[in-house]
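Here are my notes on this model, as numbered points. Have the sequence and the structure open while you read.

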Amino acid sequence: MPLPGPSITPAPDWTSEDAWVGTRRPILEAHALPSEAYVDDAFFALEQDRVFGTSWVCVGIADELDPVGQVLVRDLGGRSVLITRNGNGELRGFANTCRHRGTQLVEADCTLGRTIRCPYHRWGYDRDGVLVATPQFADAGIDRFDPADYGLHTVRVEQWGCLLFATLDDSAPSVPEWFGDLGQRLAGYRLADWRSHQTQVLEIAANWKLISENFQEYYHLRWVHPELAKVSRVEDHYRYQGDGMYCGQTTTPISSDERGDWDALRPAEGLDSSDITSGRFIALFPNVVLSVLPNHAVVMRLEPLAPGLTRETCTWLLPPGSEDVPDEDFAVTRDFWLTINGEDIDIVERGQLGLQGGGYTPGRLSPRFEEPLHRFHNMLADRMTGTHRIPAGDLADDLPLHGTGVNPLPWRGAPGHPLPTP
Ligand code: FES
Ligand SMILES: [Fe+2]
């Protein structure tokens, strides 16, 4: 088939369903996303507005706000927001712009005292956003000025498990509704009690969606991660998707006898027979990939910086009781992840190069291995076309592929999933 030449047709209208026909087909007939979704500046700008400007975007780990007066500065769809806790420890979010003449209030994450001070004329706001200081203003002859009218504009922030989320959309459902049954599926881990142990920030020369998509499928496991495939075998992976803005897979059992990289740490207390033997690998729409294992979790938070550039903040969390874990035990687990992640980064950067190089027309997806991508692409299409809905879970007739009930042990005995021989 000849290489497609430079396009002379006008750019698609990504807000119209007409642009998403290949995505909207059932998985058995669906196409992957077009290259514009990964490389095009206009697509990126629209996506910032329609996806990151309207979704619950992960802005950090809850314990980042443990120091009193800590303020996080985050970008939501191109708009800068502040996230902090007030004097009572309640979450607060604000637009990062002074109500006097609009100056950026806080440049980067920091610990402040009681007051958020504007650097320009020193207006001050408390951590509830109330304007509490306007130096020399009262003497300046102003009429009918009530500071109560000039508090910081608020942004919704919620904690869900160990994660913090913010949204610019006042009509968005709550975070528990956004993630549907996932809160129930993960309830046994009690992730709100887990603590950050180490964090690493990376910049990856790939679109944020390539990173999430790569995490969602295990089709590449054998070739990109030969060592991981020994711990986490392809045949032990199952989909793990109820209603909610997420795509997921679970691996049971989590490790084979060949390598023990994920066994070095002590498991959390009180896990049931499913959680104690499984790994949960979940892409939270839009910007987190979350791995939960019995003895540690890894959060990778994605911040799109440009069509082909993403900042990835990786945090390893440990369950309660792991505070004194020896560095060498933790290093076994961490270094295994660093190896796997390095292999993933190499391949997604290669993916970006291929998409940027021109000549790609959307290919097909493997229903067995890449169905979560189809779900993810449809969530993206929904936001881009302004269809604000939360997807249902996998169809009942797919259940043998991903288990049943809450926190399932994967169903055994389906074609391709023979019962283990004694
Ligand atoms: S712009 Fe902030 S105090 Fe003037
Ligand atoms: Fe991978």
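Before we start, "contact" or "touching" here means heavy atoms within 4.5 Å. This is a predicted model, so local features need pLDDT of at least 70 and side-chain atom pairs count only at pLDDT 80 or more, while totals for chains, interfaces and linings use all residues. Residues are numbered from 1 along each chain as its sequence is written, chains are lettered from A and ligands numbered from 1 in the order in which they are written, and side-chain values use heavy atoms, with hydrogens and water left out.

1. Let's begin with Thr 250. Not counting residues up to four places away in sequence, Thr 250 touches Asp 236, His 237, Tyr 238, Arg 239, Tyr 240, Ser 278, Gly 279 and Arg 280. Thr 250 sits in strand β13 (residues 246-251); helices (H or I, at least four residues) and strands (E, at least two) are DSSP runs, numbered from the N terminus. With 1% relative accessibility, Thr 250 is buried, where buried means under 20% relative accessible area, exposed over 50% and partly exposed in between (1.4 Å probe, protein chains only).

2. The Thr 250 side chain has polar partners too. One is the backbone oxygen of Gly 279, at 3.1 Å, and another is the side chain of Arg 280, at 2.6 Å. A polar contact is a pair of N or O atoms within 3.5 Å; within protein, one must be able to donate a hydrogen and the other to accept it, and residues adjacent in sequence count only if both atoms are side-chain atoms.

3. Now the sheet around β13. Its 7 strands run in the order β11-β17-β16-β15-β14-β13-β12, as an open sheet with antiparallel pairing; two strands pair if DSSP finds at least two bridges between them. The edges are β11 (195-204) and β12 (237-239), each pairing on one side only. On average, neighbouring strands of this sheet are turned by 15 degrees against each other, direction ignored. Axes are lines fitted to C-alpha atoms, for helices over the stretch in contact, and angles run from 0 to 180 degrees between N-to-C directions.

4. Inside that sheet, β14 (residues 279-284) and β15 (residues 288-292) run antiparallel and are joined by 5 bridges. Arg 280 faces Val 292 in β15. Helix α6 packs on the sheet, touching β11, β13, β14, β15, β16 (297-306) and β17 (309-318), and its direction makes about 155 degrees with that of β14. Helix α9 packs there as well, touching β11, β14, β15, β16 and β17, at about 25 degrees to the direction of β11.

5. How many residues of α6 are buried? The count is 9 of the 9, so α6 is largely enclosed by the rest of the structure. Among them are Trp 208, Lys 209, Glu 213 and Phe 215. At the start of α6, a side-chain oxygen of Asn 207 comes within 2.9 Å of the backbone nitrogen of Lys 209.

6. Next, the metal. The iron ion (ligand 2) is coordinated at 2.0 to 2.8 Å by His 220 (NE2), His 225 (NE2), Asp 344 (OD) and Asp 344 (OD). Donors are N, O and S atoms within 2.8 Å of the metal (3.2 Å for Na, K and Ca), and water is not among the atoms, so sites may look incomplete. The donor spacing in sequence is H-x4-H-x118-D. His 220, in the loop between α6 (208-216) and α7 (221-224), and Asp 344, in helix α9 (residues 327-356), link distant parts of the chain, 124 residues apart. His 220 is buried at 12%, and Asp 344 is buried at 14%.

7. Why is the arrangement around the iron ion (ligand 2) irregular? Because the 4 donor atoms subtend angles of 52 to 154 degrees. Four donors count as tetrahedral if all angles lie between 85 and 135 degrees; four count as square planar and six as octahedral if opposite donors are over 155 degrees apart and all others between 65 and 115; anything else is irregular.

8. Last, His 374 in helix α10 (residues 367-384). His 374 is buried, with a relative accessible area of 12%. Its side chain reaches the backbone oxygen of Thr 23 at 3.2 Å, and a polar atom of that side chain lies 2.7 Å from the backbone oxygen of Arg 25.
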